Amino acid sequence: MRIRIVDAFTDRPFAGNPAGVLLLDSFPEDAWLQSVATEVNHAETAFTHRLPAGGEADWALRWFTPTTEVALCGHATLAAAHILHTTGAHQGPVRFATRSGVLIATPGDDGSITLDFPTAPLTPVTVPDGVAEALGAEPLATFDTGPNTGDLLIEVADEKTVLGLAPDHKALARYSERGIIATARAEDPTGNHDFVSRCFFPNVGIDEDPVTGSAHTALAPFWSERLGRTALTGLQASPRSGLVRTELRGERTLLTGHAVTVIDGELLA
């Protein structure tokens, strides 16, 4: 079967967040799906198959990291939608049935894709003992992001602090179900982004995720409240880097970005 590697939330190869994408006839056993994701060894591999016409969704979609299945993934959803559109397997908006409900991916005239995701509920929490030492920066505010993502969102002093983080990944693993989102306001408000973030997910086998769509379902409400605007752009400042345009719509958050296919091959196993 065909297997593709897609760089998501970028308009150029070898940037953004790479994801494996496989179009299937149905979902095989979980052990096979996990083995493929482990072999691909990117933050996520997306597996999708067409559903019968007339239902609430067009395609079923699941995401696996190299070590586990996850409940929500933005960049691999973007990658899957990109492959469906560029191969002609699906035209127009595509509705994915997932563990986090029906997610819609809509292609734009500029080649971008907009994802309609559930907004993460943010709950303020007391800064856990030891998290500042594990992260390598003093938190200004700390929030739980809810069950879909299972992260701890931590605001730090400034963009330079985010860029300079060198956390103890093993120590970070004890503070949340998936990991830590570190964020700060953009240093230059006139630049191409309004806020900056980095994401560390040791509990799902990813020390640092390059560009995390699902994290922006928490970053969007966090920064929209502080900056007074519903439409923002986030820079995820990993070594690969990528931009995510966000628009807060109450209980839903729109995430927009581009994607590029970099590998198109054949899976023999």
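Student: How far apart are the mean positions of the positive and negative charges of the chain?
Tutor: They are 2 Å apart, for 19 positive and 34 negative charges. Lys and Arg count as positive, Asp and Glu as negative; His and the chain ends are not counted. Each charge is placed at NZ of Lys, CZ of Arg, CG of Asp or CD of Glu.

Student: What kind of model is this?
Tutor: It is predicted: local features need pLDDT of at least 70, side-chain atom pairs count only at pLDDT 80 or more, and totals for chains, interfaces and linings use all residues. Residues are numbered from 1 along each chain as its sequence is written, and side-chain values use heavy atoms, leaving out hydrogens and water.

Student: Okay, how many helices and strands?
Tutor: Six helices and 18 strands. Both are DSSP runs numbered from the N terminus: helices are H or I with at least four residues, strands are E with at least two.

Student: And how much of the chain is buried?
Tutor: Buried residues make up 56% of the 269. Buried means under 20% relative accessible area, exposed over 50%, partly exposed in between, with a 1.4 Å probe and protein chains only.

Student: Which residues have the most contacts inside the largest nonpolar core?
Tutor: W63 and F96, in a core of 46 residues. Such a core is a set of buried Ala, Val, Leu, Ile, Met, Phe, Trp, Tyr and Cys residues joined through side-chain atoms within 4.5 Å.

Student: Where does the largest share of this core come from?
Tutor: Helix α2, residues 74–87, which gives seven residues. Another core lies apart from it, with 19 residues, including V131 and A182.

Student: What does F96 touch?
Tutor: Leaving out residues up to four places away in sequence, its partners include T48, W59, L84 and V102. Contact means heavy atoms within 4.5 Å.

Student: New topic: L22. Where does it lie?
Tutor: In strand β2, residues 17–24.

Student: Buried or exposed?
Tutor: L22 counts as buried because its relative accessibility is 0%. Beyond residues up to four places away in sequence, L22 touches W32, F47, T48 and L267, among others. L22 and T48 are 26 residues apart in sequence, yet 6.5 Å apart in space, C-alpha to C-alpha.

Student: How many residues of helix α6 are buried?
Tutor: 10 of its 12, so α6 (residues 216–227) is mostly covered. Among the buried ones are H216, F222, W223 and L227. Just after α6, G228 takes a positive phi of about 75°.
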